Amino acid sequence: MKKLINAAESLVDDALTGMAAACPGLRVRDRVVLRAEGPRPGKVGLVSGGGSGHEPLHAGFVGYGMLDAACPGEVFTSPVPDQIMEATRAVDGGAGVLHVVKNYTGDVLNFEMAAELCDDVTVASVLVEDDVAVQDSLYTAGRRGTGATVFVEKIAGALAEEGAPLAEVARVAEETGRRSRSFGIALTSCTTPAAGRPTFDLPAGEVELGIGIHGEPGRTRAPFAPAGELAAVAMDAIHGDLPLEGDLLVMVNGMGGTPLLELYVVFAEVEAYARGKGARVARSLVGNYVTSLDMQGFSVTVCRLDDELTRLWDAPVETPALRWGR
Amino acid sequence: MNAATDGATGSGTGAGTGGGAGAAAGGGGGLDTAFVVAWLEEAAGEIARQRDRLTELDAAIGDADHGTNLDRGFSEVLRALRETPPSSPAQALMAAGATLIRRVGGASGPLYGSAFRQMGRTLDSGEAPGASVTPAAFAEAFGAGVTAVERLGKAAAGDKTMIDALAPASRALSQAVRDGLETREALTRAARAAADGARATVPMTARRGRASYLGERSVGHEDPGAASAALIVAALATAASRTAAG
C-alpha cells in the first residue's frame with residue numbers, strides 16, 4: 001500500500017490541520033470544522049458529519065450558503081456524539097440547528113444521541129436516503145444516504161442563508177431528499193489506510209453494481225462494459241424508482257480514483273438517457289464530491305427540480321468545494 | 001432510547017470497599033468491582049489480539065473497520081479505568097459504556113456503549129447496589145444491556161447482528177443462574193452460547209446494519225458484530241477463572 005500519510009492513526013487529524021491551513025474561511029476545533037466567522041444571529045445552523053474518506057463531503061461544504069459545521073469521524077466511521085454536540089452548540093444562532101444525517105446505522109445513532117443531549121438547542125433532523133440499490137427497507141437498514149447529501153446541504157443551506165425558520169429549512173431539505181435518487185458502480189475496491197489492502201477483490205473483467213460510499217461490496221457483480229452501458233444500468237435503476245421527468249439536477253460523481261475525463265464521458269451518456277425519457281438536465285455537477293478514498297467508479301444522483309429548488313440551487317455559495325455567484 | 005440519553009459518566013454509588021480487596025467470581029458468591037474490571041481487561045486484550053480478524057470479517061460484508069474501531073475504544077476504556085478506578089461494578093460498567101460512546105463512533109460505539117451503561121444502571125438501581133452483586137443481579141443486568149442493544153439497533157434474533165451472540169448468551173446465563181450453577185460455570189455457558197450464536201450467523205442473510213445492503217451476498221460470512229460480542233462474553237468466563245484463582 002502506498003498512501004500519502006504519516007500514520008493511519010493520525011490521518012484524519014493531519015488532513016484537518018492541512019485543511020485549516022489551506023482554507024482561511026474555516027476554523028477547525030477538536031474535529032469540528034466551522035465557518036471562521038461563527039454563527040449569524042437568527043440564522044438556522046446546518047450541521048452534518050460522517051466518516052472521513054468521502055472528501056470533499058462534508059467539511060468541503062462548510063461555508064456561506066451551505067453548512068455551518070461538519071463533524072468528520074475516523075475513516076468510514078461516523079463521528080461521536082461529543083463532536084456533534086460541540087458543533088451544534090457552536091453554530092446555534094438562536095434559530096435552531098438542522099442535522100443533515102446520511103442513513104447509516106452509525107450516523108443515525110450518533111446524531112440521535114447528540115440531539116437528545118443538546119437539550120439547550122432546538123434541533124431538527126433530516127435523513128438522506130437516496131440510494132436505490134438498496135431494495136427493500138423491511139429487510140435492510142434502509143436506503144443509504146449518498147450523493148443527494150450534496151443537494152440537501154446546498155439547497156437547505158441556501159434557504160437557511162435567507163433567514164428562513166428551522167421548520168422551513170427542514171421541509172425543503174426533506175423535499176430535496178424525496179425528489180432525489182442515486183446509484184453507484186465501482187470498477188475497483190478502495191484501500192482503507194488502517195486495513196492496508198483493498199476491501200474487496202474485484203477481478204479485472206468485472207464491476208460492482210449498487211455500491212455505497214464505504215467500499216462495501218455492492219448488490220451484484222456484472223461483466224465490465226463500456227461507459228454507455230454502465231451509465232444505462234445506473235439510470236435504469238434510478239428511472240425505475242423515480243421516473244425522470246421535467247427539469248433535473250444531475251450529479252455525475254467520481255468515487256475518488258476516476259479521472260474527470262471519464263466522468264464527462266459518463267455525463268454525456270446520462271444526459272442523453274434523460275433526454276431520451278423526455279426529461280431535461282437543467283443543472284449539473286460533474287466531479288469528485290462524495291468519494292470512497294481511492295475507489296474507481298462513479299455514482300449518478302438525480303433530483304427532480306421545481307422552481308423553489310432551482311432557485312435555491314442557483315443561490316450563491318462559497319465553500320472550499322462548491323462556489324458560485326458570490 | 002433511555003439508554004442513550006445520559007451523557008455523563010456514571011457516578012456509581014460510592015459504597016463498598018473498592019476493587020482491590022478479594023476479587024470473587026467463583027462459587028455462588030458475588031461479583032465484585034475487580035471482577036468487572038478484569039472482564040473489561042480481558043475483553044480489551046482479546047479484541048486487541050483479534051483485531052485483524054474482526055476487521056477482515058468486516059471487510060467481507062461491511063467496511064473493514066470493526067476491529068480497528070473496537071480496539072481503539074477498549075484501549076480508551078482501560079485508560080479510563082486506570083485514571084479513575086471505579087468503586088463498584090455499576091460504576092465500572094457505566095464508565096466503560098460512556099467511554100465507548102465517546103470514543104468509538106460508528107454503530108458499534110453507541111451499541112456496545114449503551115449495553116454497558118444499561119448494565120451499570122440496572123445494577124445501580126438494584127436492591128443492594130454496592131461493591132459486590134449476586135450472580136442473579138448480574139444476569140439480570142446483562143439481559144438489560146442486551147435489550148438496550150436490541151432497542152437502539154432495532155435488531156432482532158436472526159438479523160445477523162451482535163444480538164445473535166448476545167441474546168443466547170443472556171438466556172444461557174439466566175438459565176444457569178436459575179439452575180443454581182456455580183458462577184464460573186454459568187459464565188462459561190454464556191460464553192459457549194455466544195460463540196455458537198456467532199457461528200450461527202454464517203448462513204444468515206443480514207437484515208440490519210451495513211451488511212444488510214448486500215442482501216443474499218452476506219450469506220456465508222460470520223457477522224463481525226456477533227464475532228466481537230462472542231469475544232466480549234468469552235472474556236466473562238476468562239475473568240471469572242482469573243479472579244477466582246486466588
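Predicted model: local features only at pLDDT ≥ 70, side-chain atom pairs only at ≥ 80, totals over all residues.
Which elements of chain A each supply at least two residues of the lining of the second largest cavity? Strand E2 (32-35) and helix H2 (81-91) do.

View 1. By class, four are nonpolar, one is polar and three are charged.

**View 2. The largest cavity is lined by residues of chain B.** About 120 Å³ of space lies here. H5, H6 and H9 of chain B each give at least two residues to the lining. H5(B) has the largest share, with four residues. The lining includes Trp39(B), Tyr112(B), Phe116(B), Met119(B) and Phe142(B). Leu166(B), Ile232(B) and Val233(B) are also among the lining residues. The class count is 10 nonpolar, one polar and no charged residues.

**View 3. The largest pocket has a volume of about 810 Å³.** It is lined by 41 residues, and the closest to its centre are Thr105(A), Gly106(A), Ala107(B), Gly209(B) and Arg210(B). Helix H3 (105-117) of chain A gives two or more residues to the lining. So do helices H2 (51-61), H3 (66-83), H5 (108-124), H6 (135-153) and H9 (224-244) of chain B. H3(A) gives the most, with four residues. The lining has 17 nonpolar, 16 polar and eight charged residues.

How values were computed: Residues numbered from 1 in each chain as written. Chains lettered and ligands numbered in written order. Heavy atoms only, no water. 1 Å grid on protein atoms, 1.4 Å probe; cavity = no way out; pocket = protein on both sides within 12 Å on 5 of 7 lines; lining within 4 Å. Points joined across faces, edges and corners; volume = space filled by probe spheres on them. Nonpolar A, V, L, I, M, F, W, Y, C, P; charged D, E, K, R; others polar.
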